[in-house]
Amino acid sequence: MPTPKINNKFIQTASIKNIDDIFVQLESSATGLNILKVNELLKRDGLNEIGGRKKMSTVKNFLLRLRSPLILTLFTIGTISLFLNDLRSAIVVYAMILLSVAIDFVQEHKSEKTVEKLKSQVVTKVEVIRDGKKISLEAKHLVAGDVICLSVGSIVPADARIIESDDFFTNESSLTGEAFPVAKHRDTLSKLPADISDYDNIIFTGTDVVSGYATAIVLATGERTVFGRIAAKLAEPSSETEFEKGVKSFGNLIIKVILSLVFLIFFVNTIIAKHDFLSSVMFALALAVGLTPELLPMIMSITLARGSVDMSKKGVIVKRLNSIHDFGGMSVLCTDKTGTLTENKIKMVKHIDIDGNNSTKILDYVYLNSYYQAGLANPLDEAVLRIKEKIKVSGWNKLDEIPFDFSRRRLSIILESVKTEEMLMISKGAPEEMFTVASFYEDNGEVKKFDKKYRNQALKKYHELSADGFRVLTLAYKKVSEKKREYPVQEECDLILLGFVAFLDPAKKGAKAAIDLLEARGIEIKIITGDNDLVTKKICHDVGVDIKGILTGPEVDAMTDEDLKSKVMDVTIFSRISPEGKARIVSAIRENKVCVGYMGDGINDALPLKAADVGISVNNAVDVAKEAADLILLTKDLKVLALGVEEGRRTFGNTMKYILMGLSSNFGNMFSVAAASFCLPFLPMLPIQILLNNFLYDFSQITIPLDNVDEEYIKKPKRWDVNFIKKYMVLFGPLSSVFDITTFVVMIKLFHANASNFQTAWFLESFATQTLVIFFIRTRKIPFIESRPSKYLAASILFFCVIAMIIPFSPLAAYFGFTKPTLGVMAAIWFIVLVYLLLVQTVKKGIYKKYFV
C-alpha cells in the first residue's frame, strides 16, 4: 500500500538490526537514558514538536490583508484626495478600508483562537523509563534513545522500535488509510521493507494503540519522524484558491474600468467642456470613489463573519474566513472512506462455511475462542464479543491456550464441557496458515476429508471474501482425547475446518442520505484512499456513490501531470494512494478549473488538505491535519458538511447582490456623467453631492449580509464569474443611463432647471434607482411576491431612501448645494424610478434565461 516514504535511513535500518545494536548506537539501555544524556539531546535536537506552518506575526497578518486590489484602489483614491486637501473624502475612504480589514482580521483571529483552544485541551503524556525508573512526562520532552511504555489508548509520540510486546496492535489509518489494526512485534526483520506498512517492528508518530502492551526505544523525534517530514511541507507557500483568484480577477476588472472612465470623463470636462481644472480633478476623483465598490471588502467581511457564526452553530469552525466562499463554490469533494463513509469500527458481518452458508456453529465456536482468550482482546476479538447473539459460555471450562505468534498466525483454546467432559480445541487464524493444519472439513455436520477439492473450494471462497473487502479469519476445531496441563503447538494438527468469519469497517449510518444531499447540491464525491480498490468499491456501493472509474497509486505515479489532469474528472475511486499522490490528484482536479474540497483527519491528509481550495478536517483529527485545514467539523458527518455548503452559498449570494447592484448602477452613472459633461455648461452633480450619494448608498447596503437567499440559489455550486459580471454591468449600466438621461431631458426641457435644481433632481433620481434596484437584483423571482427580502434589508433601504429625499428639504440643503424641488419634479422623478424598476425586472428575466438556463 503506497504510504509516506521513510527518508530517515536510521529508522529504515533499525528494522533489520538487533535491538542490542540499537541500544549501543543510541547510547541507551533497557533501563533508559540518564538525565544528563537527555539534557544533551534536548539541547542538540530540540523538543519533540512538529513545526508545520510557521505562525505569522499579528501585525504582518493584518498588513497582508491590505494587498487586495480593491483595498489598494481605495487607498490610492484616498491618498490623492488627501493630497488635494479633500479631507472629508479621504477620511470616508480610509474609514472604509480600516473597518473592512479589521472585521476580517478580528473574525479570523477569533477562529484561530478557538482552534488553538481545542488543541490545548489535549496534552499528550507518555510513560518513559529513565535511570531505571518509570515516569510520566509530556511527549514533547522525549529524545532519541528514550524507552517508552505504551498500552491501549496511547498515542505513539515518536518513531520507535519495539523492544517487547504483548498482543500489540496499532491503528495506522491516520498514516496509511488502512482501517484494520496492524500487529507489531519485536522480531528483527530479515530484509528492508519496501513500504512503511511492512515495518512490523517500528511504530510511528501520530498512530495510536488499539490493543496490547509494548515497550519501545525512540529512534527519531520532531521533524525527523515520518510525520515531521509531511508537516514540514505545510510550511511551503499555498497556491491561490478559487475564491482568491476570483477576487483578484474582479479587482483587476474594477481598476481597468475606473481608470478608463475616469480619464475619459476628466478629458471631456477639461478639454471639451472647458471646465475648471481643479474642479474636474475633484469631480473625477469623486466619480472614482462612486464607481469603486468600496464597501465590498466590508460587506464581504460582515457576510463571512455572519456565515462563520451560523456555521459554528451547525458544528463547523471556520479558520479562514474566505474559505466560506470556496466552500459554497465547491463542486468536487475528495475524501477518504475511513470514518467518513464508514463507522471506523470493525464489525463481524459474516460467519459462513466454504459454500457461503451461515453457520451457527461457527458463530458459537469463534465466540468461545475470543471469550476465553487470555490477555487483551485485539479489535477483531472485540468485534466478535460485541455480537448481539450472546453465546452461553458457562457450560465450558478453559484448560489451556496456545497463544498467537507471528510465525503460526493462529490462536487455539482448549475447553472442557462441564456436562459431558468432552474436550475441544478451537483454533482461529489466517486462512493460509489454518489450511496447513486442517485435515478434515465439516459439511452440514458430516466430517469429510479436506482433500484438494475442498481445499480449492475453501481457497476460492476466501479469495471471494477478500475481493469483497472483508478481513477474513478461518475457524477449525478438533476433539481432544487426553487431558493435559499444557498443550504444545504440535497439538494443532488434523483439525476439522468449519469455515470463515468475515470482518468489515461497515458503511456509516446516514452516509447515503448525506451523499444524496451533497449530490443534490451539485457536489461530486471522489474517494482518495490508501486502502485497496476492492474494499472501497464495496463501501461506495453500500452508500450509493456511483463509480465512474478507478485509478490505483502505481497508475497515478506513472502518469505525467498533464495525463493526470485529463483523467481525474472521469475517476471516482483513487486507491492505494500516498500522501504526495493525494495532493497531486487534488491539484490535477483544480487544474480543470474546478473548486475542490478535501476532507481528511490523518497525517497522510495534511498535504492534500493544503493543496485543496478548501481543506476540511475534524475536531479529533491529528494536529497537523487541523493546522492544514480551513474548516474544522466538530463531528465527522457529511450531513454537517452539506449544511455548511449551503451556508457558504448563502454568503456568496449576498456578496454577489452587492457587486451586481453596485456595479450596474455605478457603471450607468458614469455613462450618464459622460453624456451630461458633453451637453451641460455645469457639472451634473457636485463632488460633495456624489460623495454624499455614495455615503448614504453604502450604508443602506450594510444589511445585505442579513438578507434571505432563495432556496433555488443554493442548489448549485457558486463561483466567481467575471465574464457574467461584465455582461451584467454592460447591460444594466446603460439601462440605468437611459433613465438618468431621461431625467436630464425632463429637468432641462420640461422644468427649465438651473444648475442647483438639476443637480438636486439627479441626486434624488440616481439615489432612488440605485438603492431600490436591490429588491429586483437580489432574486431571479418577482420581488416581494415570490421572494421577500429580510426585514433588515428592507428597513435599511427604505430608511436611507427617506433620508435622501428629506435632505433637500432640510437645513443641510444649502451645505450640499441643493435646492428644494417642486411637487412636479418629485412626481416626475418617482415616475421615472418606477418605470426603471419595472424594466429592470423584465431585462433581468432575459439575462438569466440567456446565460443560466
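1. In this note, buried means under 20% relative accessible area, exposed means over 50%, and partly exposed lies in between (1.4 Å probe, protein chains only). The model is predicted, so that local features need pLDDT of at least 70 and side-chain atom pairs count only at pLDDT 80 or more, while totals for chains, interfaces and linings use all residues. Residues are numbered from 1 along each chain as its sequence is written, and side-chain values use heavy atoms, with hydrogens and water left out.

2. Two aspartates have a positive phi. D131, which is not a glycine, has a phi of about 55 degrees and is found in the loop between β1 (125–130) and β2 (133–138); because its relative accessibility is 47%, D131 counts as partly exposed. D494 likewise has a positive phi, near 55 degrees, and its place is in the loop between β16 (471–480) and β17 (495–504), where a relative accessible area of 45% makes D494 partly exposed. Helices (H or I, at least four residues) and strands (E, at least two) are DSSP runs, numbered from the N terminus.

3. The loop that holds D494 also takes part in salt bridges, each being a side-chain nitrogen of Lys or Arg within 4 Å of a carboxyl oxygen of Asp or Glu; by this rule the count comes to 33. K483 and E416 meet in one of them, at 3.2 Å from N to O, and because K483 lies in the loop between β16 and β17 and E416 in strand β12 (residues 410–417), the pair ties together parts that are 67 residues apart in sequence. K483 counts as exposed at 52% relative accessibility, whereas E416 is buried at 12%.

4. K478 and E491 form another salt bridge, at 3.9 Å from N to O, which joins strand β16 to the loop between β16 and β17 across 13 residues of sequence, and both K478 and E491 are buried. R590 and D613 form a further one, with the closest N and O atoms 3.2 Å apart; R590 is in helix α21 (residues 579–591) and D613 in the loop between α22 (606–611) and β22 (614–618), 23 residues apart. R590 is buried at 11% relative accessible area, and D613 is buried at 1%.

5. Which aromatic rings pair with those of helix α27? Rings of Phe, Tyr and Trp (its six-membered ring) pair if their centres lie within 6.5 Å, with planes under 30 degrees apart counting as stacked, over 60 as edge-to-face and the rest as tilted. The structure holds 18 aromatic pairs. Among them, F682 and F758 have ring centres 5.6 Å apart and planes at 70 degrees, so the pair is edge-to-face; F682 is in the loop between α24 (638–679) and α25 (687–700), and F758 is in helix α27 (residues 755–772), 76 residues apart. F682 is buried at 18% relative accessibility, and F758 is buried at 0%. F744 and W762 are also edge-to-face, at 5.2 Å centre to centre and 75 degrees between the planes, and they tie helix α26 (residues 722–750) to helix α27.

6. Helix α13 (residues 360–372) has 13 residues and, at 1.5 Å a residue, should span 18 Å, which agrees with the 18 Å between its end C-alpha atoms; the expected span is 1.5 Å times one less than the number of residues. Its buried residues include I362, Y365, V366 and N369.
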